[in-house]
Amino acid sequence: MPKVKLYGNLRRYSQSPTLDVPGRNVAETLATLCAQNDDLYEAILQDGKLKPHIRVMLAGRDVELAQGLDTPVGDEDILAIFPPIAGGSSHRRS
Amino acid sequence: MEGWSGKILEVNLSTGGTETHALDTDMARLFLGGRGLGARLLWDLVGPEVEPLSPGNVLIFAAGPLTASGSQTSNRFSVSTKSPLTGTILDANSGGWWGMQFKRTGHDALIVRGRAERPVMIAITPEGVSIQDAAHLWGKTVSETTRLLGQNNNKRNVLCIGPAGENLSRMAAIMNDGTRSLARGGPGAVMGSKNLKAIVVVGDQKNQAEDRERFQFMLYETGKLIKASPLTSQALPEFGTSVVMNVVNEIGALPTRNFRQSQFEGAEAISGERMTDTILVRKQACWACPIACTRVTKTERAEGEGPEYESTWALGAQCGIDDLEAIAEANYLCNDLGLDTISTGSTIGCAMEMAERGLLDSDLRFGRADLLLGTIRSIAYREDLGDQLAEGSYRFAEAYGVPELSMSAKKLEMPAYDPRGMQGQGLLYATSNRGACHMRGNMLGPEVLALPRLIDRLATQGKAGIVAVHQNTAAVVDSLVLCKFTNLAVAEEFFARTLTAVTGVPFTGDDLQQVGERVWNLERLYNLREGFTRADDTLPDRMLKEPIKEGPSAGFTVQLEPMLEEYYQFRGWDSQGVPRPAKLKQLSLDELVLQAEGAGR
């Protein structure tokens, strides 16, 4: 079964930072993850899409550069979900 | 013209003389202040014949037109000099309170020349400018010196060096307000070489905006943006800068054990999340900052400020250490002795690899947290092996015949991102004017955090232009001078409108981008004049030839050459990295170069 790892303030919505969550793709996995957790849904998703600044990584690659929410997820995969984060340096707003 | 005080103070420690000059208003418009003004002044004052630790070098402390205006994060200032670590042009900037207080003394910049015969300090107060005996302070730590000189955040602010600067460590920082640092490139050693222990400032003047009504409006609008952004209103205040530890590790770009690996099994143990759960005591903000990213932490044995992400990495993953309390204490000690945490940690990591490979007779080994504090002390006081480590990782490794084990570019230690897993970051390190640096722009935003939008971190095509624009932006923010974190929420157009309100001089976002480009090109010209060439725009062999072995970035090296070609073209430079005449003319730098060439003849 795929694993989901939560980071930053997303951990406050879960008893464990690492969870076993079934799903064949990112969308299904996130749907299952948030099915019983309205706070987590609110933090990650909006109208079924990822909220701005939420990053989801599969094997260290951002799923946005794969097939987004349709990216397939295997039984051994780990999905890492990051809330809006910044630090360590400069960034550019525009 | 408001915003600028209109005065530059010059103190000659060799003669004991002090003078005040008028600020050239054209220079102010072209270079603003801080880093830009410092680079412009340094161009005239310090040529290739000057050794960095000789009396001929200068220290230029510079505020910007927004400093002390009350605009969000308008607390910062910079120091410019020729670096004793890299030999390049150097500026380092810092927050806290000192910059605001210095501006309130009625000066835009302070130029320190010469060398005092014995330890001295400079005091700039409403009563005047004086050079005072500081023999009683020599040898004291940063915290002792700061306390003895009466640090009082909003009234009287202290900038000083610690033992590392006195002992001319090329990794020595200048510290202000006790715990803030002008860290990189060894400016503390330049201050030590001048026998200058401290600068105390007390100001009584205000930086009032030309158009106060418009300024108040911009203050309100900027505040709304900072509050609305989850980055500046949640992420940074809640977890501090170390919150990026886990994401950098997740993508396989967290340099580990002197960049031999790119993922650290102990990343979670030293992350911002763990810090918040364990040693965090409270958050703290610099003057006029609504973000409050600073951490005050406490271990069983000590309490202090930090560690920031880069420091946590350098004293942690880079050394194979996952003991957060040990890292925090090492960070406190670096601050108190006046050392750059990044270069110090990275140099220790380099020595650990050399010792493990049998190239160095030392007990240092990856993971030996118990040796951190002693090694740091030995560097600051130049004792035993520390005397060699104090030279920085490149000179240290070179002395043992293995300079390739120094993870540096232009002899400045690389910070906490493995460029093999972030190709644009590799180009950024290689072309950074002060050596490998994450504060001259940073590709973490576009390559990892999707700020402002996501690009493929492992691709190379098209990276050059993005890197250059980020470098220009960093240069102008450093010249205003503001904290780069405001740029997470606030676009440059807003900075331009605030600058217009404060100074009365019309600026647009495009104007600011051009200021940044001008500063970048002038710094490039300075380094070329020093003898740097295209061959110096490079990275350690490990980055170019040794693919990452495991993890999400496995198989990658930095594909530097094609990016460098594209970068020079984008910059308007020739194939050797020399700015073309048309570019210099566009940036109003052509006459400067012609004058220098004329003087040279």
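# Notebook: chain A and chain B

**Entry 1. A bridge in chain A.** I began at Val56(A) and found that its bridge partner in strand 7 of chain A is Ile81(A). I note at once that the model is predicted. Next I looked up how the two strands run: strand 5 (residues 55-58) and strand 7 (residues 78-82) of chain A pair in the antiparallel sense. I counted 4 bridges between strand 5 and strand 7 of chain A.

**Entry 2. The side chains of strand 5.** Which way do the residues of strand 5 of chain A point? I found Arg55(A) and Met57(A) pointing one way, and Val56(A) and Leu58(A) pointing the other way. In a regular strand, side chains alternate between the two faces of the sheet. I also checked burial, and all of these residues of strand 5 are buried.

**Entry 3. The hairpin.** I then followed the chain to strand 6 (residues 61-62) of chain A, which is joined to strand 5 by 2 bridges and runs antiparallel to it. Here I found Met57(A) again, standing opposite Asp62(A) in strand 6. Strand 5 and strand 6 of chain A form a hairpin, with 2 residues between them. In the turn, I noted that Ala59(A) has a positive phi of about 50°.

Entry 4. I looked up strand 1 (residues 3-6) of chain A and found it joined to strand 7 by 4 bridges. Strand 1 and strand 7 of chain A run parallel. One pair I wrote down is Lys5(A), whose bridge partner in strand 7 is Ala80(A).

**Entry 5. The whole sheet.** In what order do the 5 strands of this open sheet of chain A stand? I read the order as 2-1-7-5-6, and the pairing is mixed. Strand 2 (18-20) and strand 6 of chain A stand at the edges and have a single partner strand each, so one side of each is left without a neighbour in the sheet.

**Entry 6. Chain A as a whole.** I counted 2 helices and 7 strands in chain A. Along the sequence, I read the pattern as β-β-α-α-β-β-β-β-β. I then checked the size of chain A. A compact globule of 94 residues would have a radius of gyration near 12 Å, and chain A has 13 Å, which agrees. Along the principal axes, the C-alpha atoms of chain A fill a box of roughly 40 × 30 × 25 Å. I looked up burial for the 94 residues of chain A, and 40% count as buried. Among the contacts in chain A with a separation of 6 or more, 55% come from residues 24 or more positions apart.

**Entry 7. Where chain A meets chain B.** How many residues does each chain bring to the contact? I found 26 residues from chain A and 46 residues from chain B. On the side of chain A that touches chain B, strand 5, strand 6 and strand 7 each supply at least two residues. I sorted the residues on that side of chain A into 9 nonpolar, 10 polar and 7 charged. For the complex, the predictor gives an ipTM of 0.95 and a pTM of 0.97.

**Entry 8. Thr146(B).** I turned to chain B, where the mean pLDDT is 96 and 99% of the residues reach 70 or more. I found Thr146(B) in helix 4 (residues 142-148) of chain B. Is Thr146(B) buried or exposed? I counted 24 other C-beta atoms within 10 Å, and a residue is buried at 20 or more, so Thr146(B) is buried. Not counting residues up to four places away in sequence, Thr146(B) touches Gln151(B), Val158(B), Cys160(B) and Gly178(B). I also looked up Ser432(B), which is 286 residues from Thr146(B) in sequence and 32 Å from it in space, C-alpha to C-alpha.

**Entry 9. Thr299(B) and its strands.** I found Thr299(B) in the loop between strand 14 (294-298) and strand 15 (303-305) of chain B. Thr299(B) counts as partly exposed because it has 17 C-beta neighbours inside 10 Å. Leaving aside neighbours within four places in sequence, I listed the contacts of Thr299(B) as Ile279(B), Glu325(B), Ala328(B) and Glu329(B). Strand 14 and strand 15 of chain B pair in the antiparallel sense over 3 bridges. I noted that Lys298(B) stands opposite Glu303(B) in strand 15 of chain B.

**Entry 10. The sheet in chain B.** Last, I looked up the open sheet of 3 strands in chain B, which has the order 13-14-15 and antiparallel pairing. Strand 13 (280-284) and strand 15 of chain B are the edge strands, and each pairs on one side only. From one strand to the next, the twist averages 20°.

Key: Residues numbered from 1 in each chain as written. Chains lettered and ligands numbered in written order. Predicted model: local features only at pLDDT ≥ 70, side-chain atom pairs only at ≥ 80, totals over all residues. Buried ≥ 20, exposed ≤ 12 C-beta atoms within 10 Å, placed from the backbone. Pairing = 2+ DSSP bridges. Contact = placed C-beta atoms within 7 Å. Nonpolar A, V, L, I, M, F, W, Y, C, P; charged D, E, K, R; others polar. pLDDT = per-residue confidence, 0-100. Rg over C-alpha atoms; globule rule 2.2 N^0.38 Å. Axes fitted to C-alpha atoms, helices over the stretch in contact; angles between N-to-C directions.
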